[in-house]
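Below, some terms used for a protein model are set against their cut-offs. Each answer gives the value, then the rule, then the conclusion.

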Amino acid sequence: MSNKSSNFPNAQLPDMSPGEMASAISEQLELANWERIDITQSERIGERIEEYFRWCIQKDHKPHVEEMALALGTTRQTLWNWQQQGGQRGEIISLAKQLLASLHESWGLNGKLNPATFCFIAKNHYGYRDDIGIDVSAMNGNNQIPDQT
């Protein structure tokens, strides 16, 4: 039995209504069982991504990177590698991820996605960062940041 008041992530179960878990698993299995495509052909990758987004529309389902990778029969690491390699395949993945980032940001700004969840997704999939950059080349001889006023 799960302890809903526990702060340990592995002690908490997803908050789902009856039947929701079965539906979620069925949808993931459906994607996992899609016919494999030739992932060396950029055109086929683009078609599959479009098919995935249409599937999300039909199911009224929120799309995301991990699931898009599942629909392609690959991993999010492979998607990232393709994106970094550039070329037509990289451009297709970049555009698809930009569409996802735009959706996720919109949901985050409109209260449809928990802010902490959006921050996690944005950092892990879209390159967002929480940091303060300090230009050390601007420091004076006393290792102090010069007054900018």
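Q: How many helices and strands does the chain have?
A: The chain has 6 helices and 0 strands, and its elements run α-α-α-α-α-α from the N terminus on. Helices (H or I, at least four residues) and strands (E, at least two) are DSSP runs, numbered from the N terminus. The model is predicted: local features need pLDDT of at least 70, side-chain atom pairs count only at pLDDT 80 or more, and totals for chains, interfaces and linings use all residues. Residues are numbered from 1 along each chain as its sequence is written, and side-chain values use heavy atoms, with hydrogens and water left out.

Q: Why is aspartate 60 called exposed?
A: Its relative accessibility is 73%. Buried means under 20% relative accessible area, exposed over 50%, and partly exposed in between (1.4 Å probe, protein chains only). Aspartate 60 is therefore exposed. The residue sits in the loop between helix H2 (42-59) and H3, and its phi is near 55°, a positive value in a residue other than glycine.

Q: Why is glutamate 66 called partly exposed?
A: Glutamate 66 has 41% relative accessibility, so it counts as partly exposed. This residue belongs to helix H3 (residues 65-72). Of the 149 residues of the chain, 26% count as buried.

Q: What makes the contact of arginine 54 and glutamate 50 a salt bridge?
A: Their side chains come to 2.8 Å, N to O. A salt bridge is a side-chain nitrogen of Lys or Arg within 4 Å of a carboxyl oxygen of Asp or Glu, so the pair qualifies. Both residues lie in helix H2, 4 residues apart, about one turn of the helix. Arginine 54 is exposed, at 52% relative accessible area, whereas glutamate 50 is partly exposed, at 43%.

Q: How do you know that aspartate 130 and lysine 123 meet in a salt bridge?
A: The N to O distance is 2.6 Å, which means that this pair also meets the rule. Aspartate 130 is exposed at 63% relative accessibility, and lysine 123 is partly exposed at 39%. Arginine 129 and aspartate 131 form another salt bridge, with closest N and O atoms 2.2 Å apart. The whole structure holds 7 salt bridges.

Q: What makes Met16, Met21, Ile25 and Leu29 a nonpolar patch?
A: Patches are made of residues with over 30% relative accessible area and no salt bridge; like charges are joined within 9 Å, nonpolar side chains (Val, Leu, Ile, Met, Phe, Trp, Tyr) within 5 Å. Methionine 21 has a relative accessible area of 37%, so it passes the area cut-off. Methionine 21 lies in helix H1 (residues 20-32). Together the four patch residues have about 340 Å² of accessible area, by the Shrake-Rupley method with a 1.4 Å probe, where only the protein chains shown count as cover for residues.

Q: Which residues line the largest pocket?
A: The lining is made of Met16, Glu20, Ser23, Ala24, Glu27, Gln28, Lys59, Asp60, His61 and Lys62. On a 1 Å grid over the protein atoms alone, a pocket is an open set of points where a 1.4 Å probe fits, with protein on both sides within 12 Å along at least five of seven lines; lining residues have an atom within 4 Å of a point. H1 supplies the largest share of this lining, 5 residues.
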